[in-house]
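Biologist: I am new to reading protein models. Can we walk through one, feature by feature?

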Amino acid sequence: MTAEGEGIRLRRTKSVTRAEEIQKQEQQLRRIQPDKPCHRPRDSLFSWSSGFTNFAGLVNWAFLLLTMGGVRLLLENLIKYGIRVDPHQWLVVLTGSREGDPDHPSLYLASYAVVPISLCLLLEKGLAGEKIAANIGSIAHVVNLALLVTLPMVVIYIKPTGFSLLGASGVCFLYSVLFLKLWSYVQVNLWCRTARASHKSTLRRMSVSLSKLSNGSANHNDPIEDHLVYYPDNLNVKDITYFILAPTLCYELNFPRTDRIRKRFLLKRLLEVIVLLQLILCLFQQWIIPSVKNSLIPFSNMNLMLATERLLKLSIPNHLVWLTFFYLSFHSFLNMMGEILHFADRNFYCDWWNAANIDVFWRTWNMPVHKWCVRHLYIPMVEQGYSKTTASVTVFFISAFFHEYLVSVPLRTFKVWAFLGMMSQLPLSHLCRSVEKNLGPRWGNMIVWASLILGQPLCIMMYYHDYVITHFGESLLESYASI
């Protein structure tokens, strides 16, 4: 830089400093004026340039306003329908005593789940001992997993009157979880066999407690290696039983463990499971069922204004149930199971409520499924040469399939609304990124919340309409319309 340029820069610096000195001198002179000045340069608090961030009072106001709106809707529901909560009806639904076969085939189908688990273990033992050829074992695993996920679909379709809605839903959920767990079990043992064949170490995470590690109790007299389980010593009934019961979908030879069961913590989680389950049942009986029934005719007649009103009315109780179910499942129940089984990894969810993008939400709200998708689907596909976009689309496709599977099979109403809802997350993700980039993360977070609040009740209304049409025909619609 030339001397002239340096002089210009110095003069500019001096001029700025000089201007600040003039302002300070002016402020000092104004303070000693007899008019007692009270003004100074300031921005309004709602201006971005003000730097003000404490809006806790407005958050409290919004919370109170939302609470009062919810209470008003609840009072309207009580005035219109009275008290609909009936514990006897809970027992009817939970036991399926008024629907389905009195022999409860769902219990037999749930018990049959032991068969594919045992077959998977036997195949792995045969592969580890080289008694079964690798290609034969792979084909057998694929067939076993395929039958596992298709068996409930076939049995429920063949014997539709034999299953209660709750029984069919429970069986489909159980077999879906077992499918993901056994996939992980097979793939991890394949990694171990490959590593053993190539003379690589098969060490996994150690199974000593975290507290022992932190206290340094693993000394030379009690080496850490003595506590590790090595392949194929993990192929036993005790190991696979623990994995099936553990609150995770990803298999490891050595899970992190805790020293003891915290009785007070366990009791709190147990009470939460009991109380929150009752709350969900009450909300269903008192609020959601009437709202869903009232949405049938407007939705069937495509009355846009009235259907939108019913959608908004249903969105509040549905969202309360969804939030309660999230806490019940991912915090209370999974922590309870983790405490009983001494399972130390309790990362069941992250701060999904702060997600500024729908991608972030799906990566943070259900960590067991997210870990499974990344570990057993996304990373293996990328390592095999597929693009990240292809791997992401495949993950969403598998997720969309299981969402549809868990809804359509129990209802015996084979539609694609849940599948399309999940696949629509891909373009919604691009929209969220654009909004987040141009308008800021706050607006992206609002889109995420809006999709959760409105998307779920819309899906419920669509499936209820199709369920009525499929199983009861147009006559029920006419009877509702005449009421």
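Modeller: Start with how helix directions are compared. Axes are lines fitted to C-alpha atoms, for helices over the stretch in contact, and angles run from 0 to 180 degrees between N-to-C directions. Keep in mind that this is a predicted model.

Biologist: What describes two packed helices?

Modeller: Two things do: the angle between their axes and the distance between those axes. Now take a case. Helix α5 (residues 114-128) and α7 have axes that come within 11 Å and cross at roughly 5 degrees. Angles under 35 degrees count as roughly parallel, so α5 is roughly parallel to α7.

Biologist: Which residues of α5 and α7 meet?

Modeller: From α5 come P116, I117, C120, L121, E124, L127 and A128. They meet L178, L182, Y185, V186, N189, R193 and R196 of α7. By class, this contact has 10 nonpolar, one polar and three charged residues.

Biologist: At what angle do α7 and α14 pack?

Modeller: The angle is about 55 degrees for helix α7 (residues 165-197) and helix α14 (residues 367-383), and their axes lie 11 Å apart. That angle makes α7 oblique to α14. As for handedness, the crossing of α7 and α14 is left-handed.

Biologist: Which residues make the contact between α7 and α14?

Modeller: On α7, look for L180, W183, S184, Q187, V188 and W191. Across from them on α14 are W372, R375, H376, L377 and P380. The residues of this contact divide into seven nonpolar, three polar and one charged.

Biologist: Let us turn to empty space. What shows where it is left?

Modeller: Roll a probe the size of a water molecule over the atoms. A cavity is where the probe fits but cannot get out, while a pocket is open. Here the count is two cavities of 30 Å³ or more. The largest cavity holds about 90 Å³ of space.

Biologist: Which residues line the largest cavity?

Modeller: The lining is made of L73, E76, N77, K80, Y81, W287, P290, S291, N294 and K313. Helices α2 and α10 (263-294) each supply at least two of its residues. The largest share, five residues, comes from α2. By class, the lining of this cavity has four nonpolar, three polar and three charged residues.

Biologist: And a pocket? How much space lies in the second largest pocket?

Modeller: About 1,600 Å³. It has 37 lining residues, and the closest to its centre are V59, A62, F63, L66 and W449. The elements giving two or more residues to this lining are α2 (56-81), α12 (304-340) and α18 (441-472).

Biologist: Which element gives the largest share of that pocket's lining?

Modeller: That is α2, with 10 residues. The pocket's lining divides into 27 nonpolar, nine polar and one charged.

Biologist: Is the peptide bond from Y231 to P232 cis or trans?

Modeller: The bond is cis, with omega near 5 degrees. P232 sits in the loop between α8 (210-215) and α9 (237-245).

Definitions and conventions. Residues numbered from 1 in each chain as written. Predicted model: local features only at pLDDT ≥ 70, side-chain atom pairs only at ≥ 80, totals over all residues. Heavy atoms only, no water. 1 Å grid on protein atoms, 1.4 Å probe; cavity = no way out; pocket = protein on both sides within 12 Å on 5 of 7 lines; lining within 4 Å. Points joined across faces, edges and corners; volume = space filled by probe spheres on them. Helix = DSSP H or I, 4+ residues; strand = E, 2+ residues; numbered from the N terminus. Nonpolar A, V, L, I, M, F, W, Y, C, P; charged D, E, K, R; others polar. Parallel < 35°, antiparallel > 145°, perpendicular 65-115°, else oblique. Left-handed = near helix turned anticlockwise from the far one by under 90°. Contact = heavy atoms within 4.5 Å.
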